[in-house]
Amino acid sequence: MKNVLSEITDIVSDPYAFVGSVRERTGKKVIGCFPMHVPEELVHAAGMLPVVIWRSNEAVTWGHAHVPPYDCGITRSFVDDAVRGRLPFMDGMVFHVRQCLQAGEFPYIMERNVKPAYQKNLYLPALYAGDAIKDFTITELEVFKTSLEEFSGNKITDENLKKSIEIYNLNRSLLERVYEIRREKPEILKAKEMMQIVWSSMLMPKEDHNKILTELVSAMEAKEVIPDKTRIRVIPVGGLCQTIQTDILDLIEDLGMIIPDDDLYMGSRYFANKVSLDGDPVDALAKRYLTRSPLCPTKGVWDIHWGDEAIKKMKDNNAKGIISVVIKYCPPHACYYPDFKSKMDKEGINEIMIQVEHEIISLESVKTRLQTFVEIMGGV
């Protein structure tokens, strides 16, 4: 278990070197997929390596000349990486341009300054009722599929697409098993280790990740831990599109809290919902996108409440509170949060909002607020 976690830490500590080495080793073209809804299986079935676009661990420099300072961290950071020439291994990029304001402008900044060999703007609709939305989604995915075939030179057959779906579904099953074990004995993994496990899945070939997850699951099942009943269980919610600073995750645990489960993108949201292997595989990919749970503000679903899902997850894990992780300048989450907060207050749920930013933030102020939160929940 220790060796697997060490390998994963090495990968996410320098994703540039890792993805570049995979490209060199396999000879496969690398396609960066803007989080959160690009169907990676189509890229995989075209014989290329899909990786989820990430936020770097460095402050933005040259990027300030190309992107507004009020854009979210992943947008500013990735544009900065691109114009600084840090992404020579990335042969193409795919952007889901409807999910937020920044995602809509992102591809045009790239096109003007550092256009890759392949660039696709994917438009997946908001989830309104009616067959028209499903038909539109399927058509958009078919267009995406054709563009991948043209760029890769490989035909995406139903057979190889279903094979890719099987590989991705196995990865989802293994990640879910890791989460099941963590829910049973949350002391087994630190919060940052769990985030790194999911993040590594976004960077590695899924076949390779499935192998190390199989090893990790086996080690986790065999490992015995001593339950720590003094720690207060909390559920982090949000963190759309990007990683959370590990310092904040460590701080949550240092203050006597423990995380048995989460509702984060770099967490349970990434692998939620398998793709059906019955029928047409493109239809099945569309159906996964059109699934309304877990609720996501970027999908435009307003007739069900994110708060209900978060409260259920909290109760299922015997948690005492919810920590809302809001990425600074994230329009979908920021617009949705007032309703979420209102729901928490109405239901009498202990909840606190922590706003995070790409650059270094004051951990002292975060620490003070979290200490107060612990006291409210009945901790020491």
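Strands β5 and β7 (residues 263-264) run parallel and are joined by two bridges, with V237 sitting across from D263 in β7. Here a strand is a DSSP E run of at least two residues and a helix an H or I run of at least four, both numbered from the N terminus; two strands count as paired if DSSP finds at least two bridges between them. All of this comes from a predicted model, where local features need pLDDT of at least 70, side-chain atom pairs count only at pLDDT 80 or more, and totals for chains, interfaces and linings use all residues. Residues are numbered from 1 along each chain as its sequence is written, and side-chain values use heavy atoms, leaving out hydrogens and water.

Why is β5 largely enclosed by the rest of the structure? Because six of the seven residues in β5 (residues 232-238) are buried, meaning under 20% relative accessible area with a 1.4 Å probe, protein chains only.

Now for the open sheet of four strands: its order is β2-β1-β3-β4, with parallel pairing. β2 (49-52) and β4 (118-122) are the edges, each pairing on one side only. Inside this sheet, β3 (residues 92-96) and β4 share five parallel bridges, and F95 lies opposite N121 in β4.

Terms used
Buried means under 20% relative accessible area, exposed over 50%, partly exposed in between (1.4 Å probe, protein chains only).
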